[in-house]
Amino acid sequence: MVAIRETHDKVKYSLSEWKKSFNVNEEDRQVILDTFGYCSALCPDKKLEERLQKRSAEMIGILLTIHMDIATLQVAILYTHYTEKLLTVAQVERDFPPLVSSILKGAIDMEAIRFLQNMGGGQATEAQIDNVRRMLIAMVEDIRSVVIKLSERIAYLREVKNADEETRVLAAKEISSIYAPLANRLGIGQLKWELEDLAFRYLHPDTYRQIAELLDEKRIDRENYIKEFTAELKQALDDAGIEAEVYGRPKHIYSIWRKMQKKHLDFHELYDVRAVRIITKELSNCYAALGVVHTHWHHIPKEFDDYVANPKPNGYQSIHTVVLGRGGKAVEIQIRTEKMHKEAELGVAAHWKYKENKNNTDSSYEARIAWLRNILSWQEDMVESGHMAESGLVEEFKTQVFEDRVYVFTPKGDVVDLPSGATPLDMAYQIHSMIGHRCIGAKVNGKIVPFTYQLQTGEQVEILTQKEPNPSRDWLNPNNGFLKTSKARSKVSAWFKRLDREKNLEAGREILEKELERNGLDIEKHALQDALLKACDHYNLTNTEDLIVNVGAGIIKINQLINYMELGLKDRITIAAENDQEILDRYDTEKTARGTKSEKGSGNIVINGVGNLLSHMCRHCRPVPGDDIVGFITHGRGITIHRVDCVKFADQNKLYPERVVEANWAVNYSQGYAITLRIIAGDRPGLLRDITTVIANERVNVMGVRSKSNVNTQTADIDVDLEVYNVSDLSKIISKINQIDDVISAKRL
């Protein structure tokens with residue numbers, strides 16, 4: 001039913017009077033007035049200001065009939081002034097909330113619809129195709145952008161009422177071929193009927209006037225007849241205990257004319273000039289009401305349609321029947337629920353009026369899928385109507401805009417635009433790189449599909465992920481069909497480059513450490529860092545990590561790097577050598593004076609009878625009192641104490657045997673030493689508790705515990721850092737831990 005508004009009937013438009021005529025709260029009214037004030041300041045003259053204000057007010061009146069929100073009403077005002085180039089999107093982004101600018105952008109994208117209107121000749125450019133694609137996405141993303149455009153076209157049609165015939169006809173053709181079919185497909189009855197009636201009035205003025213006169217001629221009799229019929233019908237429903245609203249409705253001129261043409265009928269032969277609507281709360285009441293109607297009046301079987309059981313393509317649902325009332329006059333009766341009525345009047349706007357309302361179950365992905373399919377069907381409507389049939393551009397449009405793109409939905413209802421042939425993996429990487437890396441499968445419309453499945457427009461796709469990223473190199477092979485888009489392949493490739501980098505970084509550190517040891521460059525950490533930074537400059541690298549990665553990858557030869565570093569460390573190596581020589585001289589002097597007899601020293605280590613020499617424990621073998629030990633004179637760091645079975649010492653002994661010195665534990669040692677115990681056991685509850693209980697009973701300090709479970713072998717690897725004072729205490733602990741149930745082995749690292 002077309003809503004009747006005030007603004008278009010007034011000769012003199014007054015904003016101050018008009019603002020009182022619509023029903024919104026005071027806060028929203030002030031927002032509208034503030035937006036008007038903002039736009040008024042942009043107008044160069046009063047005449048233009050009044051014209052744009054009137055068009056904006058007209059649009060707001062239309063939007064209020066379908067209950068749009070305040071942001072949509074604001075955009076209606078802004079869009080009117082944008083079309084006159086009085087403001088830019090940047091200004092709106094600066095001065096208004098993000099939601100307002102987002103809806104405005106969508107309404108602007110709707111301008112691409114003009115390309116569809118002009119597809120009868122010429123060649124579609126890439127820019128035009130891209131604009132149409134963006135328009136479709138904008139339409140799917142937010143219905144408010146579409147509704148604004150439809151309301152703007154209605155306001156424009158009313159504005160050109162007194163313009164020349166050519167202007168009116170051009171506007172009407174655009175409406176009838178583009179916008180009215182769109183409103184129809186989207187089920188927005190409130191706007192559809194008005195678009196159709198206005199366009200019909202300009203395109204066929206004589207026929208329009210003739211039907212209007214016939215309706216006027218019969219209006220009083222028809223209204224009285226409907227009034228009596230609805231009263232009788234309401235009483236029958238009440239007697240049957242059916243709660244329902246019953247009222248007569250006006251018949252739209254365009255729909256009357258279309259039925260006359262389609263069925264080759266005269267006006268007096270139409271069954272639905274008199275129309276009544278029954279609105280119930282429950283679906284069951286619809287069929288109960290139908291039973292009451294058919295019981296009290298004779299119905300015409302061929303005029304019965306159940307659009308509840310078989311909805312129209314745009315989602316319209318209602319029961320239609322025609323009965324013969326008093327005097328044998330036909331009356332069309334439509335029966336529907338309140339929800340069906342709302343959807344019939346507002347269409348998708350009823351679902352998507354507030355997209356941001358996550359609790360609105362109507363905004364489910366099913367509504368979005370139906371929405372997108374309706375858009376595609378709308379394009380087909382235009383082809384079938386001949387609007388684009390003149391040219392081969394029809395196929396080009398379908399190919400470039402639809403067939404080479406796939407529009408699918410996430411479970412939350414968000415639309416994802418992909419190229420034709422795209423797979424679930426392509427969609428995963430389109431959403432986010434890490435979603436792609438963690439993807440382990442996908443569901444399409446609730447069913448598991450393989451990675452090679454090619455997505456189709458309108459499908460709902462759920463990406464299944466695991467906790468840790470684990471892409472496969474097989475995805476990069478185009479012959480496998482896992483990925484369609486180069487963007488997704490590049491993300492997978494980048495992942496493996498980063499993965500290789502980590503491996504090369506680890507290998508490079510190991511190579512550098514071994515080569516430094518082989519060359520006896522056991523230098524302090526900050527000195528090594530300085531040398532590496534200088535080497536970075538030499539190799540044109542930004543940081544030391546890149547340098548080490550290149551070493552691990554074999555791009556930089558380690559011997560060349562060491563040679564360069566030795567040059568940079570020349571002064572430090574000289575000082576270190578002098579320190580080493582001082583230690584050796586002191587060692588030789590004290591050894592000669594004391595002989596080879598071991599004696600008590602003030603420290604924990606006696607180097608072949610000489611105490612108080614600079615020494616430190618090897619971090620690799622971690623000797624403790626009771627272990628057989630040996631010393632090795634390093635470059636600048638004194639003497640390193642190793643266990644005699646240390647692998648690292650064995651390598652150094654081969655290269656520099658002259659630096660090896662005898663070492664023994666001092667008699668008065670009392671310091672604790674850190675060691676790591678590796679325990680492998682069958683995984684079970686309480687295992688760690690049993691281990692720590694044994695250690696606590698031995699009164700040994702636990703410095704740290706790390707455990708890792710192996711699901712495949714059902715075993716646990718447990719590393720325990722202990723502070724022990726001698727090897728006998730350690731042996732006792734190892735022996736007792738090995739006696740614990742399910743312990744496979746316990747040994748010192």
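Visitor: Leaving aside neighbours within four places in sequence, which residues is Ile435 in contact with?
Guide: This is a predicted model, where local features need pLDDT of at least 70, side-chain atom pairs count only at pLDDT 80 or more, and totals for chains, interfaces and linings use all residues. Residues are numbered from 1 along each chain as its sequence is written, and side-chain values use heavy atoms, with hydrogens and water left out. Contact means heavy atoms within 4.5 Å. On that basis, Ile435 touches Ala428, Ile463 and Thr465.

Visitor: What separates the C-alpha atoms of Ile435 and Ile463?
Guide: Ile435 sits in helix H20, residues 433-437. Helices (H or I, at least four residues) and strands (E, at least two) are DSSP runs, numbered from the N terminus. Ile463 is 28 residues apart from Ile435 along the chain, and their C-alpha atoms are separated by 8.0 Å.

Visitor: Is Ile435 buried, partly exposed or exposed?
Guide: Buried means under 20% relative accessible area, exposed over 50%, and partly exposed in between, with a 1.4 Å probe and protein chains only. Ile435 has 23% relative accessibility, so Ile435 is partly exposed.

Visitor: Which residues is Ser56 in contact with, leaving aside neighbours within four places in sequence?
Guide: Ser56 lies in helix H3, residues 46-65. Its relative accessible area is 0%, so Ser56 is buried. Its contacts are Phe36, Ala76, Ile77, Thr80 and His81.

Visitor: Why is strand E15 largely enclosed by the rest of the structure?
Guide: Strand E15 covers residues 639-643. Ile639, Ile641 and Arg643 point one way, Thr640 and His642 the other way, and all are buried. E15 is largely enclosed because the buried residues number five of the five.

Visitor: Which strand pairs with E15 in the antiparallel sense?
Guide: Two strands pair if DSSP finds at least two bridges between them. Strand E13 (residues 615-617) pairs with E15 in the parallel sense over three bridges. There, His616 has Thr640 as its bridge partner in E15. The antiparallel pairing, over five bridges, is with E14 (residues 629-633).

Visitor: In E15, which residue is the bridge partner of Ile633?
Guide: Look along E15, where Ile639, Ile641 and Arg643 point one way. The bridge partner of Ile633 is Ile639.

Visitor: How far does helix H6 reach from its first C-alpha to its last?
Guide: H6 spans residues 98-109, twelve in number. The expected span of a helix is 1.5 Å times one less than its number of residues. For H6 that expectation is 16 Å, and the helix comes close to it, at 17 Å.

Visitor: Which residues of H6 are buried?
Guide: Take helix H6 from residue 98 to residue 109. Its buried residues are Val100, Ser101, Ile103, Leu104, Gly106, Ala107, Ile108 and Asp109.

Visitor: What is the phi of Lys85?
Guide: Lys85 is in the loop between helix H4 (70-83) and helix H5 (89-95). With a relative accessible area of 77%, Lys85 is exposed. Lys85 is not a glycine, although its phi is positive, at about 60°.

Visitor: What is the phi of Asp742?
Guide: Asp742 is in the loop between helix H28 (727-738) and strand E21 (743-748). At 41% relative accessibility, Asp742 is partly exposed. Asp742 is a residue other than glycine with a positive phi, near 75°.
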